[in-house]
Amino acid sequence: MNYAALIQNRKSTREYTDKQVSSSDLEKIRQYHHCAARRLVPELDTALCLFGTGSREALEGAAGYHNFLVGAPHYLVLMSRKHELAHLNAGFLMQDLLLKLADIGLDSCWLTFTDSSDVKAALNIENDLDVVAVA
């Protein structure tokens with residue numbers, strides 16, 4: 001990836017179309033997280049969960065800017081083991097993933113949340129990792 005060009009040309013939008021992302025692009029995102037995404041703490045376990053249809057309604061109240069959830073056809077939830085550098089690692093890793101999205105022609109933006117357990121409950125995520133980023 002040409003990071004400089006992606007950073008310069010990246011668009012973060014607050015209104016997304018309801019166009020579904022192809023299964024091929026979703027697989028590229030999964031594979032990129034698993035094999036190539038850059039990490040500050042490579043040995044720290046992370047998981048990337050991708051959510052589509054129905055996830056906006058589920059996330060209402062658990063994520064968004066002061067209870068305003070940006071509507072999108074898909075959401076990424078990055079999860080991590082507890083670690084003193086988990087949030088720094090998550091920021092670095094998720095931003096790399098968002099640049100990968102731009103590289104394949106998809107736009108994105110970060111979403112705020114205050115409680116990992118609220119996001120996990122909203123999306124029925126059952127594992128022992130913490131939610132550390134949502135986009």
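The model is predicted, with local features needing pLDDT of at least 70 and side-chain atom pairs pLDDT 80 or more, while totals for chains, interfaces and linings use all residues. Residues are numbered from 1 along each chain as its sequence is written, and side-chain values use heavy atoms, without hydrogens and water.

Let's look at the helix pair. Helix α2 (residues 23–36) and helix α4 (residues 86–103) pack at about 140°, with axes 10 Å apart; angles run from 0 to 180 degrees between N-to-C directions. On the α2 side, Ile 29, Tyr 32, His 33 and Ala 36 meet Leu 93, Asp 96, Leu 97, Lys 100 and Leu 101 of α4, where contact means heavy atoms within 4.5 Å. Six of these contact residues are nonpolar, one is polar and two are charged.

Now to the sheet. Three strands make an open, antiparallel sheet in the order β1-β2-β3, strands being paired if DSSP finds at least two bridges between them. β1 (46–51) and β3 have a single partner strand each, so one side of each has no neighbour in the sheet. The twist averages 30° from one strand to the next. Four bridges join β2 (residues 75–80) to β3, including these:

| Residue | Bridge partner in β3 |
|---|---|
| Ser 80 | Asp 130 |
| Val 77 | Val 134 |

Four of the five residues in β3 (residues 130–134) are buried, meaning under 20% relative accessible area. Finally, α4 lies across β1, β2 and β3, at about 150° to β2.

Definitions and conventions. Helix = DSSP H or I, 4+ residues; strand = E, 2+ residues; numbered from the N terminus. Nonpolar A, V, L, I, M, F, W, Y, C, P; charged D, E, K, R; others polar. Buried < 20%, exposed > 50% of the residue type's maximum accessible area, 1.4 Å probe, protein only.
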